[in-house]
Amino acid sequence: MKNKKALIILLSSLLIVTVFVFEYMLPDEQTAASYFVKMNSEGKAIKKNQFKGYAYKEKVFDSKGHDQNHFPF
């Protein structure tokens with residue numbers, strides 16, 4: 001019983017440390033890049049398997065305002 005509690009405490013601590021590292025220690029640039037899109041069209045309705053949505057072909061900009069149209073949209 002005592003070993004079980006120690007294992008649970010150890011695993012919980014490891015989980016908390018892991019979450020802390022990924023949430024607060026890594027800069028945003030290393031986890032994901034931010035891009036901005038200005039919607040100029042209504043988009044084309046699409047349905048693939050169980051997904052229903054719209055496809056857009058718009059310009060994409062990074063946080064510094066540079067054009068990032070090298071993505072295959």
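This is a predicted model: local features need pLDDT of at least 70, side-chain atom pairs count only at pLDDT 80 or more; totals for chains, interfaces and linings use all residues.
Visitor: What makes up the secondary structure of the protein chain?

Guide: The protein chain contains two helices and four strands. Along the sequence they follow the pattern α-α-β-β-β-β.

Visitor: How do you know how confident the predictor is in the protein chain?

Guide: The mean pLDDT of the protein chain is 78, and 77% of its residues reach 70 or more. Among the elements, strand E2 has the highest mean, 89, whereas helix H2 (residues 28-31) has the lowest, 58.

Visitor: How do you know whether the span of helix H1 agrees with its number of residues?

Guide: Helix H1 covers residues 2-25, and its 24 residues should span 34 Å at 1.5 Å a residue. The C-alpha atoms at its ends are 33 Å apart, so the two values agree.

Visitor: Why is helix H1 called hardly covered?

Guide: A residue is buried when its relative accessible area is under 20%. The count of buried residues among the 24 residues of H1 is zero.

Visitor: Why is valine 21 called partly exposed?

Guide: Valine 21 lies in helix H1. Partly exposed describes values between the buried limit, under 20%, and the exposed limit, over 50%. The relative accessibility of valine 21 is 34%, so this residue counts as partly exposed.

Visitor: What makes up the nonpolar patch on the surface?

Guide: The patch is formed by Val17, Phe20, Val21, Phe22, Tyr24 and Met25. Together these residues have about 670 Å² of accessible area.

Visitor: Why is strand E2 said to lie largely in the open?

Guide: Strand E2 has five residues, 44-48, and the number buried is zero; therefore the strand lies largely in the open. Alanine 45 belongs to E2. Its relative accessible area is 57%, and the limit for exposed is over 50%, so alanine 45 is exposed.

Visitor: How do you know that E2 and E3 pair?

Guide: Two strands pair if at least two bridges are found between them. E2 and strand E3 (residues 51-55) have five bridges, in the antiparallel sense. Among the facing residues, alanine 45 stands opposite tyrosine 54 in E3, and isoleucine 46 has glycine 53 as its bridge partner.

Visitor: What makes the phi of asparagine 49 worth noting?

Guide: The phi of asparagine 49 is near 50°, a positive value in a residue other than glycine. Asparagine 49 is located in the loop between E2 and E3. The hairpin formed by these strands has two residues between them.

Visitor: Why is asparagine 49 called exposed?

Guide: The relative accessible area of asparagine 49 is 77%, and exposed requires over 50%, so asparagine 49 is exposed.

Visitor: Why is lysine 57 called exposed?

Guide: Lysine 57 is in the loop between E3 and strand E4 (60-62). With a relative accessible area of 74%, against a limit of over 50%, lysine 57 is therefore exposed. The C-alpha atoms of lysine 57 and methionine 39 are separated by 8.9 Å, and the two residues are 18 residues apart along the chain.

Methods
Residues are numbered from 1 along each chain as its sequence is written. Side-chain values use heavy atoms; hydrogens and water are left out. Buried means under 20% relative accessible area, exposed over 50%, partly exposed in between (1.4 Å probe, protein chains only). The expected span of a helix is 1.5 Å times one less than its number of residues. pLDDT is the predictor's confidence in each residue, from 0 to 100. Patches are made of residues with over 30% relative accessible area and no salt bridge: like charges are joined within 9 Å, nonpolar side chains (Val, Leu, Ile, Met, Phe, Trp, Tyr) within 5 Å. Accessible areas come from the Shrake-Rupley method with a 1.4 Å probe; for residues, only the protein chains shown count as cover. A salt bridge is a side-chain nitrogen of Lys or Arg within 4 Å of a carboxyl oxygen of Asp or Glu.
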